[in-house]
Amino acid sequence: MQNTPTPTEQNSQVDYLASLDEPFFQMVHATTGQRFLNYLIDNILMNYGLGYFTGTIIGVILAAISPDFLAETQIAGNYWSIILLSLAIGYFNYLIYYTLCEKLLRGRTIGKLITGTRAVRADGSELTLKDAILRSVCRIVPFEQFSAFGGHPWHDRWTNTIVIKSR
């Protein structure tokens, strides 16, 4: 007489085999505190470090192209051009800082390096250049920072990415 497995034994074998397909590591989402600290560190660096650098470069370029621009703006009292230029520099800095950091540092920014977190695709794979650019563009959306209060910010949701603990 042959030993044929009972239906219960067959199911346990299938469950055992299915468990082998699970990944060997578990992705643990970064805490809200870690993400907030990332935001603070990155924005301080970006606004004061990168902002000073790009502002200086644009100031030098403006002085070379149109030396009377700033003087005319101040005399005429038309500060809207300065405000719009400042906004454009800020958006440019967001795009450059986050895109370059998240791609070149494999999902990390300076803030993420300090807190031990990194951004990855939802399946756990490394960010592509497209993912890094899209995450940066999504951060420019007005009030996007407030979406983090819901637990999953828009720049993660819209790009199908997550921030995980890396250590």
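Two strands pair if DSSP finds at least two bridges between them. I kept that rule in mind while going through this predicted model.

**Strands.** I looked up β1 and β2 first. They pair in the antiparallel sense, over five bridges. In β2, Arg-121 bridges to Thr-161. Next I checked burial of β1, residues 117-121. Four of its five residues are buried, so the rest of the structure largely encloses this strand.

**Helices.** How do α2 and α4 pack? I find an angle of about 125° between helix α2 (residues 32-65) and helix α4 (residues 80-104), with the axes 9 Å apart. Angles of 65 to 115 degrees count as roughly perpendicular and those over 145 as roughly antiparallel. The two helices are therefore oblique to each other. I noted the crossing of α2 past α4 as right-handed. On the α2 side, the contact residues include Tyr-39, Leu-50, Ile-58 and Leu-62. On the α4 side, I listed Phe-92, Tyr-94 and Tyr-97 among them. The contact residues divide into 12 nonpolar, five polar and one charged.

**Positive phi.** I looked for positive phi in residues other than glycine. Phe-143 has phi near 65°. Phe-143 sits in the loop between α6 (129-139) and α7 (154-157). Is Phe-143 buried or exposed? Its relative accessibility is 60%, so I count Phe-143 as exposed. Asn-160 also went into my notes, with phi near 60°. Its place is the loop between α7 and β2 (161-165). With a relative accessible area of 55%, Asn-160 is exposed.

Technical notes. Residues are numbered from 1 along each chain as its sequence is written. This is a predicted model: local features need pLDDT of at least 70, side-chain atom pairs count only at pLDDT 80 or more; totals for chains, interfaces and linings use all residues. Side-chain values use heavy atoms; hydrogens and water are left out. Buried means under 20% relative accessible area, exposed over 50%, partly exposed in between (1.4 Å probe, protein chains only). Axes are lines fitted to C-alpha atoms, for helices over the stretch in contact, and angles run from 0 to 180 degrees between N-to-C directions. Angles under 35 degrees count as roughly parallel, over 145 as roughly antiparallel, 65 to 115 as roughly perpendicular and the rest as oblique. A crossing is left-handed if the near helix is turned anticlockwise from the far one by less than a right angle, and right-handed if clockwise. Contact means heavy atoms within 4.5 Å. Ala, Val, Leu, Ile, Met, Phe, Trp, Tyr, Cys and Pro count as nonpolar, Asp, Glu, Lys and Arg as charged, and the others, Gly among them, as polar.
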